[in-house]
Each structure stands twice: as C-alpha cells, then as structure tokens.
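Visitor: Could you take me through one part of this model at close range? I would like to follow a single stretch of chain and then see what lies around it.

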Amino acid sequence: PKQAEEILRSPICCIMGHVDAGKTKLLDFVRGTNVQEGEAGFITQQIGATYFPAENIRERTKELKADAKLKVPGLLVIDTSSHESFTNLRSRGSGLCDIAILVVDIMEGLKPQTIESLNLLKMRNTKFIVVLNKVDRLYGWKMCRNAPIVKALKQQSKDVQNQFNMKLIQIITQFKEQGFNTELYYKNKEMGEIFSIVPTSAVSGEGIPDLLLLLVQWTQKTMVEKLTFSNEVQVCFVLLSCLGTYLHHKEIKAAQGIKITAQGLEHAIAGTGLYVVGPDDDVEDVKEAAMEDMKSVMNRIDKTGEGVYVQASTLGSLEALLEFLKSPDVKIPVSGIGIGPVHKKDVMKASVMLEKKKEFATILAFDVKVTPEAHELSKELGVKIFIDDVIYHLFDQFKIYICNLKE
Ligand code: GDP
C-alpha cells in the first residue's frame, strides 16, 4: 500500500443538492468528529476545501470491516457554494471534481435544484453518489451514533423501516423520471450504470462511515488513471478570490486547496485553469493555452449580434447556461456575456438591444447578484433583468416575458 499511496492522488469531491438538504451540516459533521490536532489523520480545513486523510477515513469506517485497501492518500472535499464548486467541473471533461455527492432530504425528495444538479451532472458526465439525508427525521427513529446504515436500520422498529422503504421507493421513482437508475449502495451490483444511494443523518452520523468508504473505494477503483500523479500541474482551478491570511507552502502535492497571491489576480476568472510556465516553455504558448477556455465560451456568442445578455458566477456556470440556451427546444440567441455580479456596464451593453429587438434587452443572471446601481440603471433604461439559481427557471421567466410582450 505504501507504494500505491505514493502513486495516487486524493480524489476531489463536490457536494451538491437543494437548499436545506443538509450539505453544510453533513460536512460539519464529517469534519467535526473526534480527531485532535496533531494526531495522525488530522482533518485540515483548507481554502474552500476540507482534506480528510486516509487514516482518518480508515478509523471511521472500521465497523464496516472493509477488506479492500485504501490506496488514495485521502479525500479532498470542496465546500464552496454548490453552484460555484460544481460548475467548475467544466464541460470538457478535465474538471475540478472527480466525483460529486448529491444530497437529497429523505423527507422532501427531489426538488427543482436537485433536478438542475442532475442535468448538470448528466451534461458533464460526472459520477455521483446520492446521499439520502435526515433519516433521523423518520418518525420514531432510534439514534445509533455513527453507525453503518445497515446496522442502524436493523435497530429500527418495523414502522420506521416501513417509512424508510416507502420514502426510498418514492425517491428512486423520482430519479427514474429524470432518467437515472438508483439503488441502495449495498444492493447495487452495477455501480456506474446504477447510481448508489447512501442514507445518512448529519445530526447523529448514521451512514457517514458508509459514505466515506464508498467515496474512496469507488474513486480508487474506477478512476485510477485520473488519480495517478504527474509532476505537472494538471487540473488546477481558480475557485474564488478571497482575502485573509496566507500560509507559506514549501511544496504542494495534489489535491490541495491553496491561496495564491500575485499581481493582477483580481482579473482571474473563477473556473479557469492555472498554468505553470516551466523552464522549457514559451510564455506566449502558455498564455494562448490559458485563453483557450475563454475563447471556447466566446465562440458561443451569436454572430448576428442579436440576443440576450448572459451573466453567471463562474466560467463553468456560464458554459452550462450557454449550453442550455443553445439546446434545440430552447434556442435563445446570446449577444453578450459576463462573469460575476451584474454591474452598470453590463446593463449598458444589454441596452444596445433596445434599438434592435426589445425582448433581447434582457439580462439572464444565473447565480449572481445585481449591484444597486445596475438595478437602478436597468429600470431607467428599460433593460429587463432575471435572476435565479436554477437555469430553467430563468428560461421560464424569459418565456413568459416574451409572451406578454407579444400580447
Ligand atoms: P444546506 O442548505 O444544504 O447546506 O443545509 P444545512 O446543512 O444548512 O441544513 C439545513 C437544516 O437542516 C439545518 O437546520 C440543519 O440543522 C438541518 N439538518 C441537516 N442535516 C440534518 C439531518 O441529517 N437531520 C436533521 N434532523 N436535520 C438536519
């Protein structure tokens, strides 16, 4: 195992799901338990990410008596807002996240945001594990702190077990309606084809050992090539810009979240790659490679110059939105794009359409804020701004708006 540990890097995992499903609580729970600083297996919170060393995972999954070896050195979980982290996955495969956790509240089932996440996962062809959270909210649930889920379920009354099975069947059906086959992970014989469900409680920890073990085992089994170390900076993404304290690193080994300081970084775009200029590299070539990301997005803009203005939080989320607008049953042309909050300048740009096609004097703002000045100006000029964090809600709003205009 020592040798293997040196070869594979830690898988990177994103957490997604609807608001209040328990994403934050789940991470807090996994992060918060029983390991003291300085002990082997200390969990470190990094910039926008948490690192769980393999020793920690081994310790916490003991009860599952997994005979398989842990080959990865640990697990890096990205904990920025779900949209930002996930849409950084990017469309061309070489994304930030190796695997995603999709959190669903067992009492609520699938919600619009869950379906949105599913669509993005499908588009990116990203593997994911479904976490069916809040099992402790089943009426009469008997708490079994940190227990593997099968053990916890066995402790429950017949009535609780029935409630659980009914919810499970409902949710599996909802997934099927979205075109995904899912199954309880310990009954899933076709991992990859069928997505695994892990029931958990982020309050008392049932099912958490199962989740940790499944994440590690699945990634190291099916993603060996992706997880093999190389000496180059391979996939390195700008997550977000932030201020605060800096640590000095002598060496960085993947996968790790770090802060970088440099001149001009305020212009860095979240979701783009980080490139390293080696001794034999031509700076201009590297610059060109770095701009490729932007170019591919710019190419999506309608050549006629007529279309709506689109604004999103990261390059990845912008790509996702553009891909959606381009799809056959949507087909909304785009004349301009922006990343980050909607500013006055964006409203100005969108207002150009007022002369050409009034309905296109519209900004579709996905998962971003609108500055008060921009809001003011939009009202003054008659530029319509739609804001939402679900892509197809933006589309629905825009559709209704167009219909009303026509009438
Ligand atoms: P997020 O929006 O997905 O990050 O959801 P949060 O982690 O903020 O959780 C939303 C609410 O649900 C909070 O009040 C949590 O305390 C609660 N919650 C989260 N997970 C669980 C769980 O497993 N069981 C119970 N009973 N409550 C939970």
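Guide: Happy to! A word on terms comes before anything else: a residue counts as buried if 20 or more other C-beta atoms lie within 10 Å of its own, and as exposed if 12 or fewer do, with the C-beta atoms placed from the backbone. Please keep in mind that this is a predicted model.

Let's look closely at helix 7, which covers residues 158-177. The helix has 20 residues, and from its first C-alpha to its last it reaches 29 Å. That is close to the 28 Å expected at 1.5 Å a residue.

Which residues of helix 7 are buried? They are Gln163, Lys167, Ile171 and Phe175. Looking down the axis of helix 7, you find its buried residues within an arc of 105°, so they line one face of the helix. The other side of helix 7 carries exposed residues: Lys158, Asn162, Asn165, Met166, Ile169, Thr173, Lys176 and Glu177. Just after the helix comes Gly179, with a positive phi of about 90°.

Now for what the buried face meets.

Strand 1 (residues 12-17) is mostly covered, with six of its six residues buried. Ile12, Cys14 and Met16 point one way from the strand, while Cys13, Ile15 and Gly17 point the other way. Strand 1 also pairs with strand 4, in the parallel sense, over three bridges. Here Ile12 has Leu76 of strand 4 as its bridge partner, and Cys13 stands opposite Val77.

Strand 4 itself (residues 74-78) has five of its five residues buried, so it is largely enclosed by the rest of the structure. Gly74, Leu76 and Ile78 point one way from this strand, and Leu75 and Val77 the other way. Strand 4 also pairs with strand 3 (residues 49-53), this time in the antiparallel sense, over five bridges. In that pairing Pro53 stands opposite Gly74.

To place all this in the whole protein: its secondary structure comes to 15 helices and 12 strands. Buried residues make up 39% of its 407 residues. Among the contacts with a separation of 6 or more, 72% are between residues 24 or more positions apart.

There is also a ligand in the model, and 15 residues surround it. The closest are Gly22, Lys23, Thr24, Lys25 and Ala202. Helix 2 (residues 23-32) gives the most to this shell, with three residues. By class, the shell has four nonpolar, five polar and six charged residues.

Key:
Residues numbered from 1 in each chain as written. Predicted model: local features only at pLDDT ≥ 70, side-chain atom pairs only at ≥ 80, totals over all residues. Near = placed C-beta within 6 Å. Helix = DSSP H or I, 4+ residues; strand = E, 2+ residues; numbered from the N terminus. Nonpolar A, V, L, I, M, F, W, Y, C, P; charged D, E, K, R; others polar. Expected span 1.5 Å × (residues − 1). Arc of directions from axis to C-beta. Pairing = 2+ DSSP bridges. Contact = placed C-beta atoms within 7 Å.
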